[in-house]
Amino acid sequence: MESTETPSDGHAEVRIVAASPEVARRVAEILRHCFAATEQRSYPAGPDGGTRLDLTVDTGRAAEPARSWLETSRSAEDGDRQQ
């Protein structure tokens, strides 16, 4: 059963669906280089095969280049709200 809870502030739930477990793990590894993350949880993606990998990332503990991107996107959001 899937969780319907909203992650705590500053966190994001990420779901990766790929044809193979190796591809899903590579994407998760890239995310871990940018953000602090929980241990991944792996599941079958569906009846046709594939892998679904879920993890939680902490955007408050971002590394470069994610930190720069997050700061830029926050500035853009603030500008949009003021208009």
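**A walk through the predicted fold**

Buried residues, those under 20% relative accessible area, with exposed meaning over 50% and partly exposed in between (1.4 Å probe, protein chains only), make up 23% of the 83 residues in the protein chain. The structure is a predicted model, in which local features need pLDDT of at least 70, side-chain atom pairs count only at pLDDT 80 or more, and totals for chains, interfaces and linings use all residues. Residues are numbered from 1 along each chain as its sequence is written, and side-chain values use heavy atoms, with hydrogens and water left out.

The protein chain contains two helices and four strands. Here helices (H or I, at least four residues) and strands (E, at least two) are DSSP runs, numbered from the N terminus. Read from the N terminus, the elements follow the order β-α-β-β-β-α. Of the contacts in the protein chain with a separation of 6 or more, 54% are accounted for by residues 24 or more positions apart; a contact means heavy atoms within 4.5 Å. The chain exposes about 6200 Å², of which carbon and sulfur atoms supply 52%. Such areas come from the Shrake-Rupley method with a 1.4 Å probe, and for residues only the protein chains shown count as cover.

The largest nonpolar core has 12 residues in all: Ile16, Ala18, Ala24, Ala28, Cys34, Phe35, Leu53, Leu55, Val57, Ala62, Ala66 and Leu70. A nonpolar core is a set of buried Ala, Val, Leu, Ile, Met, Phe, Trp, Tyr and Cys residues joined through side-chain atoms within 4.5 Å. At least two residues of this core come from each of β1 (11–18), α1 (21–34), β4 (51–62) and α2 (66–82). The largest share, four residues, is supplied by β4.

Leaving aside neighbours within four places in sequence, Leu55 is in contact with Ala12, Glu13, Val14, Ile16, Ala28, Ala37, Thr38, Gln40 and Arg41. Ser42 lies 13 residues from Leu55 along the chain, and their C-alpha atoms are separated by 9.0 Å. Ala28, another member of the core, touches Ile16, Gln40, Leu53 and Leu55 when residues up to four places away in sequence are not counted. Val14 belongs to strand β1. With residues up to four places away in sequence again set aside, Val14 touches Leu31, Leu53, Asp54, Leu55 and Val57. Between Val14 and Ala28, 14 residues apart in sequence, the C-alpha to C-alpha distance is 9.0 Å.

Charged pairs come next. The whole structure holds six salt bridges, a salt bridge being a side-chain nitrogen of Lys or Arg within 4 Å of a carboxyl oxygen of Asp or Glu. In one of them, the side chains of Arg41 and Glu13 meet at 3.3 Å, N to O. This pair links distant parts of the chain, with Arg41 in strand β3 (residues 41–44) and Glu13 in strand β1, 28 residues apart. Arg41 has a relative accessible area of 31%, so Arg41 is partly exposed. Glu13, at 45% relative accessibility, likewise counts as partly exposed.

A salt bridge also joins the side chains of Arg15 and Asp54 (3.3 Å, N to O). These two residues link distant parts of the chain, Arg15 in strand β1 and Asp54 in strand β4, 39 residues apart. Arg15 is partly exposed because its relative accessible area is 44%, whereas Asp54 counts as buried because its relative accessibility is 9%. Asp54 forms a salt bridge with Arg52 as well, the closest N and O atoms being 3.0 Å apart, and both Asp54 and Arg52 are buried.

Pro44 has Thr51 as its bridge partner in β4. Six residues stand between the strands of the hairpin, in which Gly49 takes a positive phi near 100°. Thr51 lies in strand β4 and counts as buried because its relative accessibility is 7%. Not counting residues up to four places away in sequence, Thr51 touches Ile16, Val17, Ala18, Ser20, Pro21, Ala24, Ser42, Tyr43 and Ala45.

Conventions:
Two strands pair if DSSP finds at least two bridges between them.
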